[in-house]
Amino acid sequence: MLDLVTRRPQGLYCEPGDFYIDPWLPVDRAVITHAHADHCRPGHAAYLAQCDGLGLMRARLGDEATLDGLAYGEVRRIGDVSLSLHPAGHVLGSAQVRIEHRGEVWVVAGDYFVSGAGDCNTTCAPFEPVRCDVFVTESTFGLPIYRWAPQSEVFGEMRAWWVDCAAQGKQALLMGYSLGKAQRLIAGLATADAPGPVLVHGAVARLNAAYREAGVALAEVQTVTPETNFKSLRGALVIAPPAVQGSRWARALGPHSDAFASGWMRLRGARRRRSVDRGFVFSDHADWPGLLAAITATAAQRVIVTHGDEGTLVRYLSELGLQAEAFATEYGDETHGVEAAE
C-alpha cells in the first residue's frame, strides 16, 4: 500500500486527496494545521483549516486569501480520503490532520502541546490523542533535557520577577511570540490579583482581537501607543514580541528589566545568547515526556518525525520497537517567522 503522505518539493502531499499539509511553496489546495508563519504561508490558491483559527489566518494572509473551515471532528470527503481535524493544544485553531483511506489512518500533528498537571491554558482547545496507524509528529524539543515545569509554577516565577521590577522602579518587559505565547501569558498574568497594569505591543493586540472574535475570554489589556506615558505607570508588565529587544520601542518604556519566555530558555547558552535579564522556561510545544505520551496514545506502530531533533527521537522510538523515520521539512522552531519590532 502506498503511503498516504509523502514529501514533495512543495511540502507534505496526500496523493489520494490531492492536497498538501502546511506546504512551504504555493499549491492549489493547502490544509493548514495552524496560523504560525512557518506552517501557514501566503500564495496558496485555497486553504482549509479549523474554524477557530480562520481569523488569525485572515490577519496574516489578508482578505484576498480563499479560506474554508472545519469544526473539530467534522469529517469531509476530499478526493478518495476522509479528512477531519482534531485539537493540537498549541494555539487557537491548531489542529492535527486525520486522514483515512481504505481502512488506513494517518495523523499529521503539526505543532502540539500536551497539557500536564498544573497547566492552566484557557486560550485554545487541549490536545486530543487520535488513534492511528501512522503518526507524523514534530520534535521541536525532541531531547530528554526538555521537560517543562507546570505552567502555574512558571507564572508564579514571572509574578515574583514582576513585583521585584516594580520595587526597583522598573517596568517589566516580558517577550514572547505574538501568536499563541503572548495570549497564554495574558491569560496567566493579567488576572484580578495582578500586581500592576498589563500592556501589550500592537502586534499582540491585533492577534488578541482575533482570539476574542473566536470566543476566547482574554482579559482586556492596554495597547502601547506613542502616547503611552510610562512615567505615570508604576509596576507595569509589558508583553511584546522578541524583536523589540533593544529597539527604540523598548527604550521608550524607560527603565526596565527584560525577560524572554521560551522553551529554549531551558539551555543556559540560549539565555546568554538572548542577553536578557531573565529567562523563563515556558513553551506551547510538547516537551520530551509530552512527545512520548502523545505518540504512545496514538497506538501507532509507525512514526514519522519532522522538524526539531529528529535523529534523537527516531533512535529512541526505534529502540522501543516502533518503525520510526524522519521527514525533512521547512518548518521553523519557536521563532515562527519574523516578528515586528515597532
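Strand 2 and strand 3 (residues 19-21) pair in an antiparallel manner through 3 bridges, where strands count as paired if DSSP finds at least two bridges between them. Helices (H or I, at least four residues) and strands (E, at least two) are DSSP runs, numbered from the N terminus. Within this pair, L12 has I21 in strand 3 as its bridge partner, and C14 is bridged to F19 in strand 3. The hairpin of strand 2 and strand 3 has 4 residues between the strands, and D18 in this hairpin adopts a positive phi near 55 degrees. The model is a predicted one, in which local features need pLDDT of at least 70 and side-chain atom pairs count only at pLDDT 80 or more, while totals for chains, interfaces and linings use all residues. Residues are numbered from 1 along each chain as its sequence is written, and side-chain values use heavy atoms, with hydrogens and water left out.

On its other pairing, strand 2 (residues 11-14) is joined to strand 1 (residues 6-8) by 3 bridges, and the two run antiparallel. T6 has Y13 in strand 2 as its bridge partner. A hairpin is formed by strand 1 and strand 2, with 2 residues between them. These strands belong to an open sheet of 6 strands in the order 1-2-3-4-5-6, with mixed pairing. Angles run from 0 to 180 degrees between N-to-C directions, and axes are lines fitted to C-alpha atoms, for helices over the stretch in contact. Helix 1 (residues 54-61) lies across strand 5 (46-50) and strand 6, and runs at about 160 degrees to strand 6.

A further open sheet comprises 7 strands in the order 7-8-9-10-11-18-19, again with mixed pairing. Its edges are strand 7 (76-78) and strand 19 (323-326), each with a single partner strand, so one side of each is left without a neighbour in the sheet. From one strand to the next, the twist averages 25 degrees. Strand 18 (residues 302-308) pairs with strand 19 in the parallel sense over 4 bridges, and V303 stands opposite A324 in strand 19. Helix 7 packs on the sheet, where strand 11 (134-139) and strand 18 are touched, and the direction of helix 7 makes about 175 degrees with that of strand 11. Helix 8 lies across strand 11, strand 18 and strand 19, and runs at about 160 degrees to strand 18.

Helix 7 (residues 288-298) and helix 8 (residues 310-319) also pack on each other, at an angle of about 50 degrees with their axes 12 Å apart. The two helices are therefore oblique to each other; angles under 35 degrees count as roughly parallel, over 145 as roughly antiparallel, 65 to 115 as roughly perpendicular and the rest as oblique. W288, L291, L292 and I295 of helix 7 meet T312, L313, Y316 and L317 of helix 8, contact being defined as heavy atoms within 4.5 Å. The residues of this contact comprise 7 nonpolar, 1 polar and no charged; Ala, Val, Leu, Ile, Met, Phe, Trp, Tyr, Cys and Pro count as nonpolar, Asp, Glu, Lys and Arg as charged, and the others, Gly among them, as polar.

Helix 3 takes part in two further helix contacts, described in turn. Helix 2 (residues 151-167) packs against helix 3 (residues 181-189) at about 75 degrees, with the axes 10 Å apart, which makes helix 2 roughly perpendicular to helix 3. Q151, F155, M158, R159 and W162 of helix 2 meet R184, L185, G188 and L189 of helix 3, a contact with 5 nonpolar, 2 polar and 2 charged residues. The axes of helix 3 and helix 4 (residues 202-213) come within 10 Å and cross at roughly 75 degrees, which makes helix 3 roughly perpendicular to helix 4. Here A182, Q183 and I186 of helix 3 meet V204, L207, N208 and Y211 of helix 4, and the contact residues divide into 5 nonpolar, 2 polar and no charged.

The protein chain has an average pLDDT of 94, and 97% of the residues score at least 70; pLDDT is the predictor's confidence in each residue, from 0 to 100. Over residues 334-342 the pLDDT falls below 50, and this stretch has 34 contacts in the model beyond near neighbours in sequence.
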